[in-house]
Structure formats: structure tokens, C-alpha cells
Amino acid sequence: MFLQEKKHLFYVPIIFLISILVNQFYGHIGVSPDSFAVFNGGFNILNNKLPFKDYWTLHGPLLDLIQSIFFKLFGISWFSYTLHASIFNLIISVATYLTLLKFKLKPFYSFFYTILLSILFFPTVGTPNPDHHSLTFALLGLFSFVLAIKTKKEVYWFAIPFFLILGFFSKQTPVSYVAILITFFTTYYFILNFKKKNIFLIFYSVIASSFLILFFIIILFKINNIDFDDFYNQYIVFASSVGSGRLNAEFLFPVEFNRYVLRFKLLHLSQIILIVVLIKNLHSNKN
């Protein structure tokens, strides 16, 4: 046990350094048109302008709020901007490491996979990004779900809505897709493990968490006189119209092997090991 603790004391600082430093490095290499959206939003809030009310925003207001805090603490600079992304890279890395340990994966493998994630997650953009923030909270919600199933602890059920709602206020997708998956598998889990007491406790945890965070958001809207119609029209209606083109026939068709498979061959190849392990586990354990 002591040896294992020593390993954690060795691994966690390395995860901390790599998660921060690698993202800081890539965040200072260059910029893209999307790189400045959250920068401007954080600057607006710092100057007492509010999203939806004083300026139009399509990405989640949570990013602007967090960025304004970083600007307040570390000054208005590109360093404090990339540090925002680096901290989130650290959060998802540490959460991944702890989750893998919960599943009894050896500390070295947990450390190794976490390092790979810390290099590939936020450093691909280097700066605060709505998609990456939404995915961060989506993964935290997913981690909470699998740990709730594994540990049977209500605290993880309580955490799921908290992360998913924060993810939604970072960007509507991909967290919405993960929320649908979690809802589906939660229903499936309840059907297989039907116990009135457990269902009541879990249902109470989920409702309590959802109510608390939504109540807090409503209070923020009321205090700052943000009209719900402005939020709905900007963040729901208009944002939905922007992505509607991805559902039309021109985007989905033609269904070709080259278009759907060869074009993303590296992504598909990276999944082969996972698929082999999954099939092997399903064959050896019918449950």
C-alpha cells in the first residue's frame, strides 16, 4: 500500500506538469479565427458587459465567465488565456487518472494513458474552446456515471447533472449527446437492477443536483436582468439553425467507403485495440 502511495506521489506531479506545460507550449504557437471568441467574451464580462444582454454569444457563457476570472487574477494577457485551457486540461487528466485507478488499473498504466490524453486533449487547440470545454464536462459526467454504477455511491449520481448542465452552458454539443446516452443506459440499468429504495435515492440525488444548479443559474439571470427570451433566441434557436446543415442530405450523402472510412483511417485504426479487448471481454464475461 505504501509503495502504491509513493507511485501516486511520483505520477501526479508529472501529470500536473505535462498537462499545464504542453498546453501552454501549443497555446503560444499560433492562432485561428476561433481563438479570440472566448478572449473577447472574458474581456466583455471584465468590463461589466453580460452575455445575451449586452453582447451576442453563440458559445457558452460559462467560458466567458471563467475567462474573466482568469483575467482578473492574472491580468489580461495571452498567458492567462492559455492558462485557462491548461487548467481544464489538468482537470480532465487528473479525473481520468483517478477514474482508471477506481477500475483497478495498475498505477503505471493509468499514468501512461493519462499522459497520452493530456498531450492530445486541449493542446490540439491550446486556448479555451467551447467544444473542448463541453467535452470535458461530458467526460466528467460519463466518469461519474460509470463510477456510480461501479461503486453504488449516490454522490456520483448527484454529480452527473452538475457536470452535464455546466457542459451545456459551455456548448450545447457534444454534452447533449452524452446526456442522451447516460439517460438511455441509466434506464437500462434500472430495469436490470430494479430496487425501489435504490431508485428513490438515485432519483432524489439527480433531481436535487439538477434543481440546485438550475436554481443558481435562474438567480444569476434575475440578478443581472438577463431576459430568458434573449438566451433562448441566441443560444437555442439561432445556434440550432447554424448546425442544421449537418442533418441535410447533402452533408450525409453519398455514403461512400472512401468518404466514411478511408478519410478517417487513423481514427479507425486507433480503435482496433479497444474493439479487440471489448470482444475478448464480452466473450469471457457474459455479464
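Keep in mind that the model is predicted.

**Stop 1: the whole chain**

Start with everything shown as a cartoon. Turn the model around: along its principal axes, the C-alpha trace spans about 60 × 50 × 45 Å. Of the 287 residues, 37% count as buried.

**Stop 2: a loop with a buried phenylalanine**

Next, select Phe52, in the loop between helix H2 (37-46) and helix H3 (61-74). Is Phe52 buried or exposed? Phe52 has a relative accessible area of 4%, so this residue is buried, since buried means under 20%. Look at its backbone too: phi is positive, about 75 degrees, although Phe52 is not a glycine.

**Stop 3: a patch of positive charge**

Now select Lys102, Lys104, Lys150, Lys152, Lys153 and Lys195, and show their side chains. Together they gather in a patch of positive charge on the surface.

Pick out two of them. Lys104 sits in the loop between helix H4 (78-102) and helix H5 (107-120). With a relative accessible area of 71%, Lys104 is exposed. Lys152 belongs to the loop between helix H6 (130-151) and H7, and at 53% relative accessibility Lys152 counts as exposed, because the exposed class begins over 50%. Lys152 also has a positive phi, near 65 degrees, in a residue other than glycine.

**Stop 4: a cis peptide bond**

Move on to Thr173 and Pro174, and display the backbone atoms. The peptide bond from Thr173 to Pro174 is cis, with omega near 10 degrees. Where is Pro174? Look in the loop between helix H7 (154-168) and helix H8 (175-192).

**Stop 5: a nonpolar patch**

Which helix gives the largest share of the patch? Helix H9 (residues 196-223) does, with five residues.

End your tour on Ile219, which is found in helix H9. At 33% relative accessibility, Ile219 counts as partly exposed, because that value falls between the buried class, under 20%, and the exposed class, over 50%.

Definitions and conventions:
Residues numbered from 1 in each chain as written. Predicted model: local features only at pLDDT ≥ 70, side-chain atom pairs only at ≥ 80, totals over all residues. Heavy atoms only, no water. Helix = DSSP H or I, 4+ residues; strand = E, 2+ residues; numbered from the N terminus. Buried < 20%, exposed > 50% of the residue type's maximum accessible area, 1.4 Å probe, protein only. Patch = residues over 30% accessible without salt bridge, like charges linked within 9 Å, V, L, I, M, F, W, Y side chains within 5 Å. Areas by Shrake-Rupley, 256 points an atom, 1.4 Å probe, with all protein chains shown as cover. Salt bridge = Lys/Arg side-chain N within 4 Å of Asp/Glu carboxyl O. Lys, Arg positive; Asp, Glu negative; His and termini not counted. Charge placed at Lys NZ, Arg CZ, Asp CG, Glu CD.
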